[in-house]
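Please keep the sequence and the coordinates at hand.

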Amino acid sequence: MSEFNTLDVTDIGNLPALIRELRELDIPSCIIGPPGIGKSEGIQAALEEDDIFVDLRLSQLDAVDVRGLPRLSSVYEDAVAKADFLTKKAQLLEELGEQEDAQKYRRAALAALLEAEKVADVAPSITTWSRPSIWPTHGKGIICLEEFNTAAQSVQNALLQTLGSPPGRDRFVGEHRIP
């Protein structure tokens with residue numbers, strides 16, 4: 001069970017400085033207070049120049065919006081798709097006169113096809129989750145989970161892993177790592 005420490009901010013104007021301090025220490029924060037007192041503005045004021053800011057109104061989202069859509073994939077189909085991609089890249093390199101590099105890609109495509117042949121009869125389909133566009137893939141910043149208490153239970157459950165996971169497993173939503 002995670003322990004949560006609380007800090008009372010009696011002057012909402014101090015919120016940006018407190019958020020910057022907590023970020024410097026790599027401590028996630030949960031800001032709770034009545035509507036209209038300036039929590040969101042304080043969070044935005046704490047942003048640094050190159051920060052990404054994601055503002056999610058959770059009461060308007062479904063679980064698939066934060067977790068992603070399930071899709072079936074197989075090792076065989078992935079290997080065939082990889083071979084197709086490598087073949088197209090080789091063709092492009094040949095058109096550009098880069099014969100040596102093109103041959104490397106042709107060999108890699110052949111290796112991918114041989115791998116696909118090995119697993120064609122035994123490769124089971126697996127479910128993976130597409131990454132929702134709301135989640136950044138790189139960089140640093142602040143993700144603001146607004147209206148958490150009014151979000152659907154399934155949305156809250158999908159996001160709990162980001163809030164209270166053990167060290168090393170935090171900042172995930174399902175299988176998606178959030179930087």
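In which helix is the place of Ala108? Ala108 sits in helix H5, which covers residues 99-119. The model is a predicted one. With a relative accessibility of 31%, Ala108 counts as partly exposed, because that class lies between the buried limit of under 20% and the exposed limit of over 50%. Between the C-alpha atoms of Ala108 and Ala120 there are 18 Å, and the two residues are 12 residues apart along the chain.

**Accessibility**

| Residue | Relative accessibility | Class |
|---|---|---|
| Ala108 | 31% | partly exposed |
| Glu146 | 12% | buried |
| Cys30 | 64% | exposed |
| Cys144 | 7% | buried |

**Glu146**

Glu146 belongs to strand S4, residues 141-146. Its relative accessibility of 12% places Glu146 among the buried residues, since buried means under 20%. Which residues is Glu146 in contact with, leaving aside its neighbours within four places in sequence? They are Ser40, Asp55, Leu56, Arg57 and Leu58.

**Nonpolar cores**

The largest nonpolar core has 12 residues, among them Val54, Leu56, Leu58, Trp135, Ala151 and Ile178. Two elements, strand S1 (52-57) and helix H6 (153-164), each give two or more residues to this core. Helix H6 supplies the largest share, three residues.

Val66 is another member of the largest core. Setting aside neighbours within four places in sequence, Val66 is in contact with Leu61, Trp135, Ala158, Leu159 and Val173, and also with Pro132 and Ile134. Of these partners, Leu61, Trp135, Ala158, Leu159 and Val173 are listed in the largest core as well.

**Cysteines**

How many disulfides does the structure hold? The number is zero. Cys30 is in no disulfide, and the nearest cysteine sulfur, that of Cys144, is 10 Å away.

Terms used
Residues numbered from 1 in each chain as written. Predicted model: local features only at pLDDT ≥ 70, side-chain atom pairs only at ≥ 80, totals over all residues. Heavy atoms only, no water. Core = buried A, V, L, I, M, F, W, Y, C linked by side-chain atoms within 4.5 Å. Buried < 20%, exposed > 50% of the residue type's maximum accessible area, 1.4 Å probe, protein only. Helix = DSSP H or I, 4+ residues; strand = E, 2+ residues; numbered from the N terminus. Contact = heavy atoms within 4.5 Å. Disulfide = S-S within 2.5 Å.
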